[in-house]
Amino acid sequence: PNPNRSRLAFALALGVFVALLGLVLRVPEGLFGDALVRASYDSLHQLRGTDATALDDCPVVIVYLDLNSFKLKELDPAQPWPRRLHAQLLDHLTAAGAKAVVFDIIFSEPGPDAAADREFAEAMRRNGRVILAGESNEDASHVTSEHENWARLSTLLLPADLFRTNAAAWGVASHIIDDDYVVRRYLAGFTSQEQPSLTWAAAEWLQLPVTKNENAVRAA
């Protein structure tokens, strides 16, 4: 057989394979594309491993509540965490020199103790670096016109005025969760509402370089 013809056939076959592979990868929601994109992301983290000390000296503190927190304080998980305890924690973080304090907790309503609410708000004012969380809810409504089968109504739940006016910033606490329940991407914000996510609001407050790009929220 002619060796040049064999090499040419192999080169053509290889070119077709690479072209088909490129087409598959260009469509993440395709049969293989989505799995390959996720695997490329996950493999980097698996190869790198987990550094248990990576956040030991981090100047940014994220505050959230879990069941163990309530058990340690012997509190009822069905009831809101006392705002006075939030105030005490915030004063401690202020004294410790935290660069930013991000509350991944929704404070949309006044608490049962008005005095504790005022203490918490004053602790925010003294700290000056608190980023609070809001919430965005979307519901599909009925048919509204002959051109649009469904209308999507979005409601934005803001932090209560007393807290929002004493915080440095606030953003919507939301994530992009893949169908295997893993968060691989961050949500910068909601361009329709011109409101950043909680992550992006914290990044803007910290003046991270990624937030300085033109149309950074849309690009993210």
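Helix axes are here lines fitted to C-alpha atoms over the stretch in contact, and the angles between them run from 0 to 180 degrees between N-to-C directions. The helices themselves (H or I, at least four residues) and the strands (E, at least two) are DSSP runs, numbered from the N terminus. The structure is a predicted model, in which local features need pLDDT of at least 70 and side-chain atom pairs count only at pLDDT 80 or more, while totals for chains, interfaces and linings use all residues. Residues are numbered from 1 along each chain as its sequence is written, and side-chain values use heavy atoms, with hydrogens and water left out.

## Helix 4 against helix 5

Helix 4 and helix 5 pack with their axes 8 Å apart and at an angle of about 20 degrees. The two helices are therefore roughly parallel to each other, a term used for angles under 35 degrees, whereas angles over 145 count as roughly antiparallel, 65 to 115 as roughly perpendicular and the rest as oblique. Helix 4 passes helix 5 in a left-handed crossing, meaning that the near helix is turned anticlockwise from the far one by less than a right angle, with clockwise giving a right-handed crossing. Contact between them, defined as heavy atoms within 4.5 Å, involves R83, R84, H86, A87, L90, D91 and T94 on the side of helix 4, which meet A115, A116, D117, E119, F120, A123, M124, R126 and N127 in helix 5.

## Salt bridges

A salt bridge is counted when a side-chain nitrogen of Lys or Arg lies within 4 Å of a carboxyl oxygen of Asp or Glu, and by this rule the count comes to six.

| Pair | N to O distance |
|---|---|
| D117 and R83 | 3.0 Å |
| R84 and E119 | 3.0 Å |
| D161 and R164 | 2.8 Å |

The salt bridge of D117 and R83 links distant parts of the chain, with D117 in helix 5 and R83 in helix 4, 34 residues apart. Burial is judged by relative accessible area (buried under 20%, exposed over 50%, partly exposed in between, with a 1.4 Å probe and protein chains only). On this scale D117 counts as buried at 4% relative accessibility, and R83 is buried too, with a relative accessible area of 12%.

The salt bridge of R84 and E119 likewise links distant parts of the chain, R84 being in helix 4 and E119 in helix 5, 35 residues apart. Here R84 counts as partly exposed at 30% relative accessibility, and E119 counts as partly exposed at 33%.

The salt bridge of D161 and R164 stays inside helix 6, where both residues lie three residues apart, about one turn of the helix. R164 is partly exposed, with a relative accessible area of 26%. Salt bridges that share partners also join R84, D113 and E119 into one network.

## Aromatic rings

Rings of Phe, Tyr and Trp (its six-membered ring) pair if their centres lie within 6.5 Å, and planes under 30 degrees apart count as stacked, over 60 as edge-to-face and the rest as tilted. By this rule the count comes to six aromatic pairs. One of them is the edge-to-face pair of F103 and F120, at 5.5 Å centre to centre and with 75 degrees between the planes. F103 lies in strand 2 (residues 100-106) and F120 in helix 5 (residues 114-127), so this pair ties together parts that are 17 residues apart in sequence. F103 counts as buried at 0% relative accessibility, and F120 counts as buried at 0% as well.

F120 also pairs with F163, and because their ring centres are 5.4 Å apart and their planes stand at 55 degrees, the pair is tilted. With F120 in helix 5 and F163 in helix 6 (residues 161-164), the pair ties together parts that are 43 residues apart in sequence. F163 is buried, as F120 is. F103, F107, F120 and F163 form one aromatic cluster.

## Two loop residues with positive phi

Most residues other than glycine have a negative phi. E74, which is not a glycine, has a positive phi of about 55 degrees; E74 lies in the loop between helix 3 (67-72) and helix 4 (83-96) and is exposed, with a relative accessible area of 74%. Q207, a residue other than glycine, has a positive phi near 55 degrees. Q207 lies in the loop between helix 7 (198-205) and helix 8 (216-219), and at 56% relative accessibility Q207 counts as exposed.
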